[in-house]
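Have the viewer open as you read.

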Amino acid sequence: MSTPAAQGQSAEHPFPVRSVAIRVAGWIEKLGSVWVEGQIAQMTVRPNTKTVFITLRDPAAEMSLPLTCSRDLVVNAPVKLTEGTRVIVCGKPSFYTGRGTFSLRVNEIRAVGIGELLARIERLRRLLEAEGLFDPRLKRPVPFLPGTVGLITGRASAAERDVVSVAGTRWPAVRFAIRNTAVQGPTAVAQIVAALAELDADPAVEVIVLARGGGSVEDLLPFSDETLCRAIVAARTPIVSAIGHEPDTPLCDLVADLRAATPTDAAKRIVPDAAAESALIVDLHRRCTRALRNWVDREDAVVAGLRRRPVLADPLAAVAARAEEIGRARAAIRRDIDRRVSVESERVGHLAARLATLGPAATLARGYAVVTAGDRVLRSAADAPSGTPLRIRLADGAVTARSDGPDLSTGETDEQ
């Protein structure tokens, strides 16, 4: 036999609504008091009622929490409570069984002071700096002449008018992709981040401008939000931050690729001045023309100077001057050669005379003869035995003879 299911555990034994509501209320009542920080997104004060309804929003996330408190608590708050005010509240979670709604019943409200806000911004600044998000090497260059400029600003704001009018005056062909968002209050960060993502995804947009006029520290808090700062760093399109006036420096100024002092300054930085560029082109053209003419004049003077040089004015003058010198050198060489030939000729004559005096011809002329037997010159009588054919060379010719042998009586050889 099966055991019947407990109430609420099956379709046959459901809980009535009142039972569930009472149980949920009991569970929530056990949570106790809690301190919560957030930004007032909406506050409803109904006439003739003692309860004020507040929506408290998380500045860094799409989450909110309903609050209820007494009218006296709002009236006697340390600062005037309005939408966008950062507060710290203490309350006890409660569940209203009549409508099945959850809320935080607040019994104490403290405003976050300027000093605390500035201290938090400074802590976030140090954190982002330690992560290297302010590194100049991460900054992307703004294009010289963007075709389409993305503009994120408040609806019908002075910042929008300044950027559009000044940029249009400077470069009439510039086009804008404008996204109007809240620029203060609890919804500002989410709307700005969404608009930034949309423009960054558009390939036609070449630069994005965040523009807002001046305001208090509380008004500019969205532009020091960590979520927005990281979205700016993650964007692929160059971003120009033009928030507030010159003294205002929200954190988005530090992570943006270019900081402009004011929205007007941003318009001057994203597009060039057409009149100034035209004047610059005219000036550069004039300077180029003058420089080219000066260069031509200098080169013409150099060529004229070269042509005036003697070697180019009379090219044959150098040759003529050298021709005389060469003629003199040739004459000197010829004289030296002639003198040397004469000296050597005289010396050869003397040597010939001496040779003739000492040679056999002179001896033969004096009556001597040279006797040869075959190819031998006779030097001894014994070299010509009887019957030896002899050739006798005289001064005016030669004769032949035959030897009769040595003459022993005289020591001379008989010849016939």
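About 370 Å³ of space lies in the largest pocket, the volume being the space filled by probe spheres set on grid points joined across faces, edges and corners. A pocket here is an open set of points on a 1 Å grid over the protein atoms alone, where a 1.4 Å probe fits, with protein on both sides within 12 Å along at least five of seven lines; lining residues have an atom within 4 Å of a point. This is a predicted model: local features need pLDDT of at least 70, side-chain atom pairs count only at pLDDT 80 or more, and totals for chains, interfaces and linings use all residues. Residues are numbered from 1 along each chain as its sequence is written, and side-chain values use heavy atoms, leaving out hydrogens and water.

**The pocket**
- Of the 18 lining residues, Pro59, Arg86, Ser224, Asp225 and Glu226 lie nearest the centre.
- α3 gives the most to this lining, with four residues.
- Domain 1 (17–112) and domain 2 (117–272) each supply at least three lining residues; the bounds come from an automatic or database domain assignment.

**The cores**
- The largest nonpolar core has 31 residues, and Ile152 and Ile232 touch the most other members.
- Such a core is a set of buried Ala, Val, Leu, Ile, Met, Phe, Trp, Tyr and Cys residues joined through side-chain atoms within 4.5 Å, buried meaning under 20% relative accessible area (1.4 Å probe, protein chains only).
- A second, separate core of 18 residues includes Val166, Ala167, Ala211 and Ala266.

Methods. Buried < 20%, exposed > 50% of the residue type's maximum accessible area, 1.4 Å probe, protein only. Helix = DSSP H or I, 4+ residues; strand = E, 2+ residues; numbered from the N terminus.
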